[in-house]
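This report covers selected local features of one protein model.

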Amino acid sequence: MLDPAGPTEPTSDAAVIALVGNPNTGKTTFFNALTGLHQRIANYPGVTVEFFAGEARLPAGSSLQVVDLPGTYSLSAASPVEALAVDVLFGRQPDAPIVDAVIAIADASNLRQGLYLISQLLELNKPLVLVLNMSDIAAARGIAIDVNELSRQLGVPVVPVVATRGEGLDAVLAHLQSLLAKESTPVPLRSPLPSEMSVQVDRLVTEASEHRRALTRAEAIRLLVDTEDLSPELECLQGKVRELRANIGASAPLSALETEARHLWIQQVLSGSCAAGRASGLSGSDRLDRILTHRVLGLATFLVISAFLFQGIYRGSAPLMDAIEGLFSRLGLVVAAQVPKGPVQSLLVDGVIAGVGGVLVFLPQIAFLFLLISILEDCGYMARAALLMDRLLGRLGLSGRSFIPMLSSFACAVPGIMSARTIANRRDRYVTILVAPLISCSARLPVYVLFIGAFIPDEPIFGRWIGLQGLTLLGMYTMGALVAIPVAWLLRSTLFRGHSSAFLLELPSYKWPTPYTVGLRVYHSACAFVVRAGSIILAGTIVMWALAYFPRSETVSRQFDEQRAQIALVSGAQRDAALKRLESEEAAAHVEASYLGRAGHFIEPAVEPLGWDWRLGMAALASFPAREIIISALGTIYSLGGEGVDEESADLRAALQGATRADGSRVLGVPVALSVMVFFALCAQCMSTLAVIQRETESWGWALLSFTYMTVLAYVGALATYQATTWLGW
């Protein structure tokens with residue numbers, strides 16, 4: 001059962017199994033096949049990186065706790081996600097259970113690359129089963145692996161598996177049961193390291209034991225090769241580590257010596273256990289890559305796929321979004337009929353129900369985005385797209401790894417920012433996090449639809465195919481991405497100066513997506529969005545409700561009670577319509593007298609240069625928890641009521657078109673509409689995004705910087721838009 005906020009430690013004495021492997025080896029598919037629905041999203045206290053934990057059963061019936069650690073190429077951690085995997089394996093992650101055994105996943109069609117990590121995992125001195133996943137693909141390519149010989153050389157069980165079909169899982173669990181029961185004794189690994197280096201590693205292990213600190217060979221190697229400053233519990237070994245490094249007496253860096261030695265060891269292992277089939281010309285994958293990674297054809301293909309992606313998101317999610325809106329609208333009416341009018345009713349209807357509905361209404365778009373992206377990832381295309389976009393992003397000081405977070409931000413910046421964890425370089429990761437909110441997410445769409453529909457004429461531009469409204473919507477969506485380019489360059493040139501890390505990417509094999517794996521990924525991602533972003537938006541909505549409800553003006557209430565008494569004398573449908581209109585006007589009057597209404601009047605001098613009045617300023621303040629709240633806020637301000645009002649509402653559009661100032665002049669027109677849309681395209685009106693930035697950077701300073709620079713950028717952009725369009729006579 002999914003439990004994003006639940007504990008990650010085992011609830012029983014079940015053995016803890018770590019699932020480890022390179023990215024793109026089918027590790028997640030294997031995990032899903034092994035655990036089924038008995039899994040949850042998990043994270044350890046103080047760690048922003050998430051992973052999956054689940055339960056499986058051995059043939060004897062005892063249960064296992066399986067932890068699907070983030071993918072990594074080696075135990076030399078380069079990014080936060082890799083650091084988590086290493087810390088859990090070494091037993092130095094606080095609150096994490098001690099790993100009892102390891103299942104190492106390798107791509108059978110690319111065994112050479114996987115053996116580097118496996119050579120390090122063998123030095124953990126833990127029971128290990130090597131899984132050769134995608135064995136069917138290897139066989140199709142003519143790659144013959146002598147499983148028995150490979151097992152003999154490594155000293156561990158080796159099992160060929162096809163995780164997409166569930167083949168080989170029983171054999172993996174049987175070997176694991178045997179190892180945990182200590183029915184078989186692992187063969188000591190012949191160290192792949194140079195002899196002098198291996199001797200010093202053994203000495204460090206011995207020295208640590210004398211200080212009552214047990215070290216595996218894997219940990220000792222990392223201390224010698226990677227670590228300059230030891231953790232507090234290992235400070236007693238500081239001098240010994242330096243001494244042993246000096247004893248090795250290597251002219252080259254120890255990391256280079258280790259890498260060279262491991263690759264030599266890999267060559268020796270493969271020469272006796274693996275025979276590659278002869279390639280005859282270009283494979284189908286190579287021919288496809290010639291198109292998908294081409295500078296021109298690849299970019300054109302990417303644009304076409306992106307167009308279908310977003311068209312699918314909007315077309316596919318629209319019926320579900322309408323159904324959710326209708327459901328919560330009816331629920332609000334039911335609660336309003338059952339609860340007496342007053343603050344409790346308003347809290348439940350306008351605060352809780354409206355807040356929950358405001359979260360769930362975007363769930364279909366989030367689910368469709370993850371569905372389509374998961375399909376593209378699973379079939380191998382997303383890696384090609386990242387490689388293609390690296391050429392553009394490299395000019396900004398970023399790498400292709402920033403592409404997927406930015407693409408994800410078109411649906412919601414929350415998952416986009418979270419996916420930046422895979423970027424190893426801290427500068428690149430932080431710049432990506434800070435510019436991702438500029439990408440136009442789905443929450444901005446209601447703002448665009450409302451103001452475009454109300455003020456932009458539905459006129460054709462280029463024949464009958466492209467209209468002015470569609471062109472305006474395209475402009476709003478591309479604006480954020482275009483502005484993100486100079487902002488990223490500026491951040492890389494100032495706060496995050498330094499060289500970007502090289503973009504090294506393994507292109508995975510093309511394969512058909514696994515429906516089960518894709519479905520689980522969508523399910524977990526959607527649930528994570530609801531729990532994290534949803535809780536923040538709901539809390540912010542209730543706070544904004546309180547600011548818009550209190551203080552309750554007795555003068556306003558008396559004034560409308562008198563009018564209500566007069567209307568009550570009228571009979572029939574005319575009375576009902578008049579009472580409904582009076583209630584909307586009373587709600588608008590109370591909002592103007594509230595703390596939020598006062599704030600709108602207070603900031604009116606600041607927003608006047610944008611063409612706004614206090615009502616638009618107040619609506620912008622009310623939408624701070626989430627941009628889409630502006631729709632219901634405008635509905636209340638313009639005496640239409642907050643319920644049942646959406647971006648397609650003809651009454652709301654008419655109210656905006658007819659709004660006037662005290663002198664009788666119109667408030668809104670094309671210049672003001674464009675000003676509002678530009679402001680919301682660039683502003684940081686999203687509490688959940690700021691909270692996620694704080695969580696990922698572990699500092700409210702970066703969240704404050706995001707809010708500040710985006711608000712200033714939005715204000716300047718809206719000001720320039722209004723002044724320019726007014727000067728042009730629009």
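N125 sits in the loop that links α3 (111-121) to β6 (128-133). Its phi is positive, near 60°, and N125 is a residue other than glycine. Most residues other than glycine have a negative phi, and most peptide bonds are trans. The model is a predicted one.

The peptide bond from F550 to P551 is cis, and its omega is near -5°.

Helix α5 (residues 147-154) has a feature to note at each end. After α5 comes G155, which has a positive phi near 80°.

| Site | Angle | Value |
|---|---|---|
| N125 | phi | near 60° |
| G155 | phi | near 80° |
| F550 to P551 | omega | near -5° |

Two packed helices are described by the angle between their axes and the distance between the axes. For helix α7 (residues 195-210) and helix α8 (residues 217-225), the angle is about 110° and the axes are 9 Å apart. Angles of 65 to 115 degrees count as roughly perpendicular, so α7 is roughly perpendicular to α8. On the α7 side, the contact is made by M197, S198, Q200, V201, D202, L204 and V205. The α8 side supplies R217, A220, I221, L223, L224 and V225. Sorted by class, this contact of α7 with α8 has 9 nonpolar, 2 polar and 2 charged residues.

The structure also holds 3 cavities of 30 Å³ or more. The second largest cavity contains about 50 Å³ of space. Which residues line the second largest cavity? They are F302, I305, S306, L309, L376, Y381, M382, A385, F403 and L407. The elements that give two or more residues to this lining are α12 (297-338), α15 (381-393) and α16 (403-408). Helix α12 provides the largest share, 4 residues. By class, the lining of the second largest cavity has 9 nonpolar residues, 1 polar residue and no charged ones.

Note on methods: Residues numbered from 1 in each chain as written. Predicted model: local features only at pLDDT ≥ 70, side-chain atom pairs only at ≥ 80, totals over all residues. Heavy atoms only, no water. 1 Å grid on protein atoms, 1.4 Å probe; cavity = no way out; pocket = protein on both sides within 12 Å on 5 of 7 lines; lining within 4 Å. Points joined across faces, edges and corners; volume = space filled by probe spheres on them. Nonpolar A, V, L, I, M, F, W, Y, C, P; charged D, E, K, R; others polar. Axes fitted to C-alpha atoms, helices over the stretch in contact; angles between N-to-C directions. Parallel < 35°, antiparallel > 145°, perpendicular 65-115°, else oblique. Contact = heavy atoms within 4.5 Å.
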